[in-house]
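Here's a quick walk through how the parts of this model touch each other. Have a look at the sequence and the coordinates first.

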Amino acid sequence: MEKTIYSRVGETLFHTRLENGLPIYVNVKPGFRKAFAFFATNYGGMDMRFQLDGTWQETPAGVAHFLEHKMFDTKEGNALQDLAANGASPNAFTSSAITGYYFECTEKFEENLKTLLSFVSVPWFTPESVEKEQGIIGQEIQMIEDDPEWQVFIHLLSGLYEHHPIRFSVAGSRESISHITADTLYACHKAFYNPANMVLCVAGDVDPEQVERLAREILPKDGLSDIPRDYGGPEPTHAAHSVQELRMEVSTPIFQLGFKADPLPQGPEHLRGELIGTLVSEVLAGSSSPLYARLYREGLINKNFGSSFEAYPGCAFLAAGGESRSPEAVRDALLEEARRLSEEGVDEALFLRLKKALYGAMVRSLNSFEHVCIEQAQSHFAGVDYLDFPAVFDSIGKADVEEALRTWCVPARSTLAVVRPKEEAQA
Amino acid sequence: MAELTRSELFPGVHLTAVHTEKFKSCVLGASFLAPLDRTTAACNALVPSVLRRGTQEHPDMESLSAALDELYGGSIEPVVRTRGETQCVGFLGSFLDDAYTLDGSAILEKAAGLLGELLLRPCTEQGVFRRDYTDSERQNLIDRIRAQVNDKRSYALLRLKREMCAGEPFGVDRLGDESSARAITPESLWARYQDLLRTAPMELYYCGSAKPERVADALRAALSQLPTDGVRTPLPRPAAKEAPAQPREVVESLDVTQGKLTMGLRTGSTVWSEDYPALLLANAIFGGTTTSRLFLHVREKLSLCYYASSQLEKLKGVMLVSSGVEFDKVGEARAEILSQLEACRKGAFEDWELEGARRSVVSALHSAMDAQARLEDFWLGQAVAGLTEDPEALARRVEEVTREQVVAAFSSLQLDTIYFLKGREA
């Protein structure tokens, strides 16, 4: 395996690509007892229309997440239990863009890694087990639909985007998942769970060569080349709706204000774009921005307020939100601050301070094996060398942030999503 | 390897320092320990939030944020936690480790200085807390108390604890209640703060690459103005209570689409009991892991719940069961949860279940050594309990537990209260 030392952040990374196309990354972490393995596919909630063996496939919303639930079933039983019986803590998640399976353990790492690689690559579905899962996931969908934080976010996305599939719930709806059959799952597994569309990331005091050996031994010998996906063509630059509202049983209104940014390209520019987007978020509404302090002082926001920049294939946005008795006042203040910063420019001292703070936060986040592995996987899919962020940081100036602010922090590109308390509700 | 040093910097003020070079950051914390009490809980909870608004040197949030940004985006956040019947209020900070600064400058002393400033030199007017800071943080506290209803899963557990332990300090929420919060004034908050400063035992914590002596020096200097004219008396252990002969049942309705069924049990033993490791295993077998009875039987096999798990409140001697169920399945789910408990009491669990639970508990203890936040959390619990056993030593005791001891731990569980949160139309 190829070894790279990232001395600025104190990380040592081993990397290789197997014959079947699978990339492997191992962050060697001396002195740690726990080890973490993350096996992910470049397949998420938004990959609903794709091409397999020359024909376009249409699948209902929620298949990627449904598949994640069902992958733990094995012919012999359940992989979750096999891992847990070894004391490992296994889990999985599905986002709009990726599905990842992982475990953390302090003993029997190799045995656990074999289990992980094997259950994710060998599908086992029956009509009965699919039907049963429809009940379980139906309940999960009900639970997230009760969550006001989730509702406000999904309303934000469907307000910003006209047709990009980021606007759909990753879990789908009770209706959409009722159309899923064992055959749907087998087809999607065949397309997306092939080694060339996946990545394996490990962090811990482990032997990288042994990880490579086990992956070669257990995984299929061949991988499929690229799986084309359709996200419905380019989105208009403006937001589809300026306001989205609903009512739920909450004590204070919950809101998210979004700005629709330009999608980021694949490759090194992706990381640069993400860092610029994050700096925009910090300058505009971060916890040490002038606006944050003023809104907090005026009681318009509280500690729950937060803002972040997120990028997916074909879309990128900034979301800022929390609880407020007047979401409209917060929106107006954010739009006005974005206009002021675009016209007057960002204060030089503030910019340098925020850059230093963000740098420190990114280095500190490398403490988390989970964070390191997930970032590594997402960066791989985006064509980025993630641990190289200090150098990319050095190349970003105030003008980059100002240009982004001028381009996409504008009223036409914004959506305000609000969950208001029910009028008749009692606290 | 991590090494632990515990020392008393001032009478009643202890430092737990973990020396390790494996992290990129250091953790620095300070908590006042106060008895959990309905009359003071909200006021105690408000103290760190108002302190965090401004100090004499950094009188507003902008200047505090700027100071933290200069320390590479360090954080010092107010924290309010409970451990059993002790309320722990103070600050928890995380900073870049000195090894990774761009110019090789030391962060620890500056971070400790800022912590000391926040604890001891608040921005005041007319000899008490500023009225505007008090008013806005009091409103935030009220909003947080009211917002507890938003997350139904934790809200159901909060309601269960309040019902089950009405009249016991344990039934008081960590944030206190809304009416006490409303009554707080800058004067009453100042009096409470002065009381904490003089009489509350204090727990300081550090984990990072600095040597314990350097940490002790930095904190001693930062806290040199801490008043010494009061006595910091150690807090008593919570009193044990028996479950009623017939479990209490409480049903409430809110506008939800999924029901939340929770149960509270008295465990008999606590973190101080010799058989505590057996109780840890009993909880893991019953509902603490993904190989547990609640997960495998109630959730997976019978599809009765979307989630079903149990957790221990080790300083109080309480086990809490939490589940999400469809309204029409609540009777079935309830019967199944209790029947699984009955089976465990009779020792009707397999050897692989016992060993799986043991591996899971041991692994969680080992991996706590590798996660700064979990380690801090563990040591705060130990400090409140007055214990010094580290996670590795507790793991060794868990390895020794026999099946008979686990069955005995199950036998001492007593169902106290069932709380069900249902929908309005159901």
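What follows goes from the chain contact to the domains and then to a few helix pairs.

## Ground rules

This is a predicted model, so to speak plainly about cut-offs: local features need pLDDT of at least 70, side-chain atom pairs count only at pLDDT 80 or more, and totals for chains, interfaces and linings use all residues. Residues are numbered from 1 along each chain as its sequence is written, while chains are lettered from A and ligands numbered from 1 in the order in which they are written.

## Where chain A meets chain B

Chain A puts 54 residues into the contact and chain B puts in 49 (two residues are in contact if their C-beta atoms, placed from the backbone, lie within 7 Å). On the chain A side, α2 (79–85), β8 (99–105), α4 (127–145), α10 (290–297) and α12 (348–364) each bring at least two residues. Helices here are DSSP runs of H or I with at least four residues, strands are E runs with at least two, and both are numbered from the N terminus.

α12(A) gives the most to that side, with ten residues. Sorted by class, the side of chain A that touches chain B has 22 nonpolar, 17 polar and 15 charged residues. Nonpolar covers Ala, Val, Leu, Ile, Met, Phe, Trp, Tyr, Cys and Pro, charged covers Asp, Glu, Lys and Arg, and the others, Gly among them, are polar.

## Two domains in chain B

Chain B splits into domain 1 (3–222) and domain 2 (248–423), with bounds that come from an automatic or database domain assignment. Their C-alpha centres lie 29 Å apart. The contact between them takes 29 residues from domain 1 of chain B and 27 from domain 2 of chain B.

Elements giving two or more residues to the domain 1 side include β3 (25–35), β5 (86–96) and α5 (152–164) of chain B. The largest share, nine residues, comes from α5(B). By class, that side has 13 nonpolar, seven polar and nine charged residues.

## Helices packing around α9(B)

α9 (276–288) and α14 (391–400) of chain B pack at about 75 degrees, with axes 9 Å apart. Axes are lines fitted to C-alpha atoms, for helices over the stretch in contact, and angles run from 0 to 180 degrees between N-to-C directions. The two helices are therefore roughly perpendicular (65 to 115 degrees). P277(B), L280(B) and L281(B) meet L394(B), R397(B) and V398(B).

The axes of α9(B) and α15 (403–411) of chain B come within 8 Å and cross at roughly 75 degrees. The α9(B) residues in that contact include L281(B) and I285(B), and those from α15(B) include V406(B) and F410(B). The contact divides into nine nonpolar, one polar and no charged residues.

Technical notes:
Parallel < 35°, antiparallel > 145°, perpendicular 65-115°, else oblique.
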